[in-house]
Amino acid sequence: MKGPALSFLAGTLLVAAAIALPLGMVGDLPLSIGRTLETAAVAGFIAVLLALLAIAAFGRWRTLGALALIAAAILLAALQMQTLRSAGPQTGGPGLGALFAVAALVAFVLGSAALVAGTPLDRGGGLAPLLFFLLVLYLWELATLLYAIPRILLPAPSAIYGRIIQQWPTLQADFVQTVVRAAIPGLVLGSTAGFVLAVAVDRFARLSTAFQILGSLLAVVPILAVAPIMVLWLGFDWQSKVAVAALMTFFPMFTATGAGLRATGATETDLMQSYAASYGQTLRLVRLPIALPYIFSALKLNVPAAMVGAMIAEFFGTPIVGLGFRIASEAGRLSFDIVWAAIAVASAFSLLLYAAVGLADRLVTFWHPSHRN
Amino acid sequence: MTDRPRDVPARGGALSNALVTLLVLGAVLVLWTLLCIPMNAAQVERDAARRKVELSAADFVLATWAMPRPMLPAPHQIVGEIWKTTVLTPIGSPRNLLFHIWATLRTALVGLVAGVALGLALALWFVHFRLAERIALPLVVCFQTIPLLAIAPMIVVAMGNAGLPQLWQKAVIVVTGVFFPITLVMVRGLRSPAPALLDLMRSYDASPLAILAKLRLPASLPYLFPGLKVAVAIAVVSTIVAELPTGAQAGLGARLLVGSYNGLMLTLWATMAAASLLAVLGVALVGLAERLVLSPRRGSA
C-alpha cells in the first residue's frame, strides 16, 4: 500500500499548492485559483480532484486509474485556464502556483502514460504521445497568457485556430495548389517511376551496373538545387512543382524497392525454381510481397519529402497561390498568424497522409515482425 | 537456366568495373551534349532571326552549345562557368563561387555538429529511460513528417527578430533536420550489444556510465557512420534551404535565388554542381573516418 499512498499524498500536495499559490499577478494583486473563484465551486472541484486522485492511486484497474489521472489533469487545466481568462492579461510571468500546476499536470500525464502502457487502451502506443502533445499545446496556450509574448511572434493555439477558420478560402486555394495539384501527383509519379525502374533493373541484370552508377550520381545532387532549373524549364505553375516532388520521391523508392527485391532468401528462390515458375510469377507471388515492407517504409518517408519539394519549389516562382508561397510571403510581411495557420494546415495534412500510409502498411504487411510489440 | 544468387557481384574485377563506370559516364556526357541541340534550338533560331543571320547546320549546332543563357547548358559550358567563377574572379568577391561554398560549408558544419550532439543526447536519454522513449519518439517521428524545410523561412525570420546571430539562425534549421536520423541510428546502436555482454558487464558490477563508455558506445559506432552520411546530405540541403529567405546574401541557396530571379541558367547549374560536390565530399570524409575508426576493430561486438 505504500506506493499508491505516497503517490496520492504527492498528488494532493501538488494540487493544493497549485490552488493556493498565486498563478500570476494582475497589477499588484496576486491571482490564484483559490482566491478568484466562488468558494463552493473551488471546494467542489477540489473534492472531485481528490476523488480522482484516490481512484488513480488506490484503484485496482490500471485503465481506470489512468483515466482518472487524465480526468484530474483536465479538471486542473480547466480550473487554471478559467482563472487566468477571467482575470485578464497578465504581466510578469507565472507565479509559484502556475509552476506547481504545470508540475502536477506533467506528473499526471506521465503517471497515466505509465499506467496505460501495455493495456488495450494503448494499442499501437499512440495514447502517451497524444497526451503529451495535448499537454504541450496546453502549456503553449498557458505561456501566451502568462508571458507577454508578442502575438506576431508566437500566437496561442486558439488564435491560430481562429485564423484558420477566418482565412479558410485562401488556405483552401493554397492547399489545392500545393497538395492536390503538386505534392500528390509528384509523390505518385516519383514513387511509381522509382518502383518500375527498380523492377526493370532487377529483371535486366545487365542494366544494373549502369543504373547503379547513374543512380549514385543523381543521388548526390541536392534535389532542391534542381528546383529553380525546373521552374525555368516548366514554368511557374504546378508542373514544375510536380517535377521537383517526383524527383525527391524517386530515389528513396528506387533504392528501397531494389533492396526489397534483393531480400528474397535463397530458399524461396530455389522453391520457385523447382516449380518452374517464370520471372513474372516469382515476382508477383514471392518477391514483391517480401519487398513490400521496404516499399512502404520508403513511401512513408516520401510523404514529407513530396510536401517539402512542392512547397520549397514555390520559393522559386509560383502564381500567387500555394502553401509554400503563403508561408514565405506572409513571413516576409511579418504576419505570423497566417504563417502559423498555413503551417498548421500543411502539417496536419502531412501527418494524416503519413498515418494513412502507416495504416495501409499495417493492413498489407501485417505479417511483418515490426508490427508485433 | 540458373539465376545467379542476388548478392554475387557482376563478373569481372575492379578494373572492369572502373571501365564500365567510365563508359557509362562517357555515354551520359555524350547524350547530354547531343540533347542540348534540340533543347536550345528554339533559342538559337530566335537569336538568329533577330540578328538576321543565316546559320549553316554546323554553325547551328555549335551555337546550341554556346548560348549565354541556354535551356540546357552543355557540360563544357558548366565547367567553364565553374572555372570562371572560382579561379578567374577575386576570392573575396560575392561573385566567386568559393565564397558562397565557404558560407554554406560553415553553416552546415556548425549545424551538423550541434545536430549530432543533440541526436546523441536524445539517444542516450531514450536508451536509459524507456518511458521517455515511448512518449517522445512518436512525437519526434510526427515532428519529422511536418515539412519542416518549408517552414524554414518563418523560423529564420522569427529568430532574426529575436536577435539571434545569422549563422545560428540557419544552423537551427540544419539541427532540426540532422538530429532525427542520428537519434534513430544511435538508439539502435546503443541497444545493439548482445544481452550476454550486458550481463557480463553487470557481473563486473559496472556502473551505467562504465557500461555506456566501454560497451554501448563502441558497439554503436558501426551504426553511427551510415547515419552520419545521411546527416551530412541532409545538412547540405537544409543549409541551402535556410539560406533562401535571408534575402540572398551569401551561400549556395542565395546563389540559387539570384540565378533563379535573373534566369541565369549557367549560374544555377554551376551552383548545383557545387552543392553536389559539397555533399559528395562530406559523405566521402565520413566514409574515410569510418574506415579509419572501424577497420582496426575486427570481429568486435
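Across the interface of chain B and chain A, the rule finds zero salt bridges, a salt bridge being a side-chain nitrogen of Lys or Arg within 4 Å of a carboxyl oxygen of Asp or Glu. Over all chains, the count by this rule comes to 11 salt bridges. This is a predicted model, in which local features need pLDDT of at least 70 and side-chain atom pairs count only at pLDDT 80 or more, while totals for chains, interfaces and linings use all residues. Residues are numbered from 1 along each chain as its sequence is written, chains are lettered from A and ligands numbered from 1 in the order in which they are written, and side-chain values use heavy atoms, with hydrogens and water left out.

**Interface of chains A and B**

- Chain B and chain A bury about 4,300 Å² between them, with 81% of it on carbon and sulfur atoms; buried area is the accessible area (1.4 Å probe) that two parts lose on being put together, summed over both.
- The contact takes 51 residues from chain A and 50 residues from chain B, where contact means heavy atoms within 4.5 Å.
- Helix H15 (residues 336-364) of chain A and helix H6 (residues 148-162) of chain B have axes that come within 11 Å and cross at roughly 145°; axes are lines fitted to C-alpha atoms, for helices over the stretch in contact, and angles run from 0 to 180 degrees between N-to-C directions.
- In this pair, Phe336(A), Val339(A), Trp340(A) and Ile343(A) of H15(A) meet Ile151(B), Met154(B), Val157(B), Ala158(B) and Asn161(B) of H6(B).

**Chain A**

- Chain A holds 15 helices and two strands, which are DSSP runs numbered from the N terminus (helices H or I, at least four residues; strands E, at least two).
- Of its 373 residues, 45% count as buried, on a scale where buried means under 20% relative accessible area, exposed over 50% and partly exposed in between (1.4 Å probe, protein chains only).
- Gln167(A) has its place in the loop between helix H7 (157-166) and helix H8 (168-203) of chain A, and is buried, with a relative accessible area of 18%.

**Salt bridges within chain B**

- Arg191(B) forms a salt bridge with Glu133(B), the closest N and O atoms being 2.5 Å apart; Arg191(B) lies in the loop between helix H7 (166-190) and helix H8 (195-203) of chain B and Glu133(B) in helix H5 (residues 130-145), so the pair ties together parts that are 58 residues apart in sequence.
- Glu133(B) is buried at 13% relative accessible area, whereas Arg191(B) is partly exposed at 27%.
- Asp47(B), Arg50(B) and Arg51(B) are linked in a network of salt bridges.
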